[in-house]
Amino acid sequence: MNETPTVQTPQRRPRRAGLAAALAAATIVGAAGSAAAVTVFDAHGSTAVREVTVQSATPAATSDTTIGAVYKTASKSIVEITVSSRSAGQLGGAGAAQSQGSGFVLDKAGHIVTNQHVVDGAASISVKFGNGSTYKATLVGADPSTDVAVIKIDAPASALSPLQLADSSAVQVGDGVIAIGSPFGLDLSVTSGIVSALHRQIT
């Protein structure tokens, strides 16, 4: 906003020296040039409601895109990945272990992007789509430093819906984020949040 309205709360005499000053918080909702209600809460539990004119305002959301709409479109590109790997048994013998992760279809050639830690040490890789169809996959390449890997399945192009990628350089702190995947084998779960920081290195 170009101007921040000032709202005064009723003054109270401190009960004793050193009493912390009352804390106030104001919430303003309204379009530019319109009247808006301002609610003030102070440390004593008192409230005051005033009406002010909002000089300018920016909508909280400028897009009609909903989480449900994104999920409906993107979930067709999300896959569940099951990895079987060899592990040492308690008595020194070889055993088998399974792990799961998520990935997304990159192109019509059958390339799928996932995390490197998902396919690390894989003896076999299986890819399952939301409609239940399953394909064997092979590892194309992996980069542990960025925890990214690419695997490939032999599936008809008609069965593949590549995820539409955007320009990551345009991402800003506070932008909305929707995550779709299959954590712990829970098929196509969705959650949402925001971008909390940029250019953060995670070891």
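The dialogue below sets computed values against their definitions.

Tutor: This is a predicted model, in which local features need pLDDT of at least 70 and side-chain atom pairs count only at pLDDT 80 or more, while totals for chains, interfaces and linings use all residues. Residues are numbered from 1 along each chain as its sequence is written, and side-chain values use heavy atoms, with hydrogens and water left out.

Student: How many helices and strands does the protein have, and what makes a run count as one?

Tutor: The protein has two helices and eleven strands. Helices are DSSP runs of H or I with at least four residues, strands are runs of E with at least two, and both are numbered from the N terminus. From that end, the order is β-β-β-α-β-β-β-α-β-β-β-β-β.

Student: Why are Phe129 and Tyr135 called an aromatic pair, and which geometry do they have?

Tutor: Rings of Phe, Tyr and Trp (its six-membered ring) pair if their centres lie within 6.5 Å; planes under 30 degrees apart count as stacked, over 60 as edge-to-face and the rest as tilted. The centres of Phe129 and Tyr135 are 5.9 Å apart and their planes are at 85 degrees, so the pair is edge-to-face. The structure holds one aromatic pair. Phe129 and Tyr135 are both buried, the term for under 20% relative accessible area, with exposed meaning over 50% and partly exposed in between (1.4 Å probe, protein chains only).

Student: What makes the contact between Asp187 and Lys128 a salt bridge?

Tutor: The closest N and O atoms of Asp187 and Lys128 are 3.9 Å apart. A salt bridge requires a side-chain nitrogen of Lys or Arg within 4 Å of a carboxyl oxygen of Asp or Glu, so this pair qualifies. The structure holds one salt bridge. Asp187 lies in the loop between β10 (176–181) and β11 (189–194) and Lys128 in strand β7 (residues 122–128), so the pair ties together parts that are 59 residues apart in sequence.

Student: Why do Asp187 and Lys128 count as partly exposed?

Tutor: Asp187 has 45% relative accessibility and Lys128 has 33%, so each falls in the range assigned to partly exposed residues.

Student: How do you know whether Thr82 and Gln116 are buried or exposed?

Tutor: Thr82, in strand β4 (residues 78–88), has 19% relative accessibility and therefore counts as buried. Gln116, in helix α2 (residues 116–119), has 14% and therefore also counts as buried. Contact means heavy atoms within 4.5 Å. Leaving out residues up to four places away in sequence, Thr82 touches Gln98, Ser99, Gln100, Ser124, Ile125 and Ser126. With that exclusion, Gln116 touches Ala142, Asp143, Pro144, Asp147, Val148 and Ala149.

Student: Why is the phi of Asp147 worth noting?

Tutor: Most residues other than glycine have a negative phi. Asp147 has a positive value, near 55 degrees. Leu188, in the loop between β10 and β11, likewise has a positive phi, of about 45 degrees.

Student: What makes a region a pocket, and which residues lie nearest the centre of the largest pocket?

Tutor: On a 1 Å grid over the protein atoms alone, a pocket is an open set of points with protein on both sides within 12 Å along at least five of seven lines, whereas a cavity is a set where a 1.4 Å probe fits but cannot get out; lining residues have an atom within 4 Å of a point. The largest pocket is lined by 35 residues, with Leu163, Ala166, Gly176, Val177 and Ile178 nearest its centre. Its space is about 1400 Å³, where grid points are joined across faces, edges and corners and a volume is the space filled by probe spheres set on the points. The largest share of the lining, five residues, comes from β10.
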